[in-house]
Amino acid sequence: MELIGLVKSKLKVGLALGGGGARGLAHIGVLKVLEKENIPIDFIAGTSMGAIVGAVYALTRDINNLEKIAEKYSKMNKFNIEGFSFNEQESEKKPLFFKKMSDFLKKGYILNIELRKKYLNDGTELRKIINELVGNNTFEDTQIPFAVVAADLVKGEKVILKQGNLFNALLASASIPGMFPPVMLDKKILVDGGIVDVVPIDVAQLLGAKFVIAISVNHTIKKRSEFKNAVEILFRSDSITSSELRKLQSSFADVLVSPKVERIHWSDFAKPDKCIREGEIAAQNAIPEIKKKLEEGEKVSWWRKLFY
């Protein structure tokens with residue numbers, strides 16, 4: 001009877017899947033290992049790419065399907081802005097699209113021409129992909145309780161989405177400010193949740209998780225001593241702020257998993273296998289810590305229920 005009681009009192013485990021563009025495909029590798037090791041997943045909270053991966057998994061619990069999706073979209077790695085088109089076939093001779101875009105920004109392109117625009121890309125492809133992934137499904141259709149983080153430009157605060165249409169929530173959470181159009185929802189103007197909550201640990205806790213495994217796929221800040229112009233300084237300042245916020249938020253996780261995907265550009269979706277593999281490696285390395293802390297946590301939880 002005691003064994004049965006102990007199993008029933010197991011900690012509710014939540015996953016906090018961070019944003020990071022293509023690097024977020026590493027979440028798939030982490031999920032593969034957690035499944036293999038029979039680590040329970042009771043709740044999922046996601047930001048940006050973490051929200052997209054989390055939504056598909058929460059709907060189906062099908063990791064093989066996620067891998068097939070990643071492979072499918074790796075063959076569609078093409079972006080276009082105002083006649084500037086770059087794809088993977090050009091990658092040996094030219095930098096990736098977002099590297100090109102960064103160069104335009106640094107040369108003052110956005111300051112001289114694009115400043116009048118609210119966004120650089122109309123988001124048509126992003127909308128098409130998200131629609132193919134979740135269709136008309138809602139949060140209520142997920143097999144695992146799920147929540148998404150976005151940022152509201154109106155009030156300047158974090159918004160947690162956990163009811164209604166998945167499509168709108170994912171589109172908002174993945175809408176990079178200045179790159180894609182903001183999403184209008186319930187009198188809010190929503191953009192990428194990564195600007196307020198890169199790894200949504202607190203959101204997983206709000207869902208009910210008593211033990212949170214956080215997956216962070218953002219790279220650390222490297223030393224740099226030279227800056228060519230004001231835009232580079234602004235970008236650097238923003239990166240530092242984001243890095244410090246990420247460190248602070250990640251400190252609240254019970255276990256932090258950090259796949260080594262820093263060498264993969266966040267816009268390069270052509271290497272899903274590499275990202276997934278790095279996720280597997282990082283998760284496998286974290287399994288002993290996860291199991292140990294879960295066991296310790298379950299014992300504490302059991303004793304608390306017994307005496308309080």
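**Starting point: Glu262**

Glu262 is partly exposed, at a relative accessible area of 40%. For the terms: buried is under 20% relative accessible area, exposed is over 50%, and partly exposed is in between, with a 1.4 Å probe and protein chains only. Glu262 sits in the loop between β10 (255-257) and α11 (272-307). Helices here are DSSP runs of H or I with at least four residues, strands are runs of E with at least two, and both are numbered from the N terminus. Glu262 and Val217 are 45 residues apart in sequence, yet C-alpha to C-alpha they are 7.7 Å apart in space. Keep Val217 in mind.

A word on the source. This is a predicted model, where local features need pLDDT of at least 70 and side-chain atom pairs count only at pLDDT 80 or more, while totals for chains, interfaces and linings use all residues. Residues are numbered from 1 along each chain as its sequence is written, and side-chain values use heavy atoms, leaving out hydrogens and water.

**The whole chain**

The protein chain has 11 helices and 10 strands. Of its 308 residues, 46% count as buried. Now contacts, meaning heavy atoms within 4.5 Å. Among contacts between residues at least 6 apart in sequence, 77% join residues at least 24 apart.

Which residues does Gly20 contact, leaving aside its neighbours within four places in sequence? They are Met49, Val217, Asn218 and Trp266. Gly20 is in the loop between β1 (13-17) and α2. Gly20 counts as buried, at 12% relative accessibility. Its C-alpha is separated by 7.7 Å from that of Gly50, 30 residues apart along the chain.

His27 is buried, with a relative accessible area of 0%. It belongs to helix α2 (residues 26-36).

What about the rest of α2? Eight of the 11 residues of α2 are buried, so the helix is largely enclosed by the rest of the structure. Those buried residues are Ala26, His27, Ile28, Gly29, Val30, Leu31, Val33 and Leu34. Asn38 follows α2, and its phi is positive, near 60°.

Ser48 is not a glycine, but it has a positive phi of about 55°. Ser48 lies in the loop between β2 (43-47) and α3. At 10% relative accessibility, Ser48 counts as buried.

Arg61 is in the loop between α3 and α4. Its phi is positive too, near 55°, again in a residue other than glycine. Is Arg61 buried or partly exposed? At 38% relative accessibility, Arg61 counts as partly exposed.

**α3 against α8**

Next, helix packing. Helix α3 (residues 49-60) and α8 pack at an angle of about 155°, with their axes 9 Å apart. Axes are lines fitted to C-alpha atoms, for helices over the stretch in contact, and angles run from 0 to 180 degrees between N-to-C directions. α3 and α8 are therefore roughly antiparallel to each other, a label for angles over 145 degrees. On the α3 side the contact uses Ala51, Ile52, Ala55 and Leu59, and on the α8 side Leu166, Leu170 and Ser173. These residues divide into six nonpolar, one polar and no charged. Nonpolar covers Ala, Val, Leu, Ile, Met, Phe, Trp, Tyr, Cys and Pro; charged covers Asp, Glu, Lys and Arg; the others, Gly among them, are polar.

Why is α8 (residues 166-173) described as largely enclosed by the rest of the structure? Because seven of its eight residues are buried. They are Leu166, Phe167, Ala169, Leu170, Leu171, Ala172 and Ser173.

**α4 against α7**

Last pair. Helix α4 (residues 63-74) and helix α7 (residues 124-134) pack at about 155°, and their axes are 12 Å apart. α4 and α7 are therefore roughly antiparallel as well. Ile69, Lys72 and Tyr73 in α4 meet Ile129, Glu132 and Leu133 in α7. The residues of this contact divide into four nonpolar, no polar and two charged.

That's the tour.

Terms used
Parallel < 35°, antiparallel > 145°, perpendicular 65-115°, else oblique.
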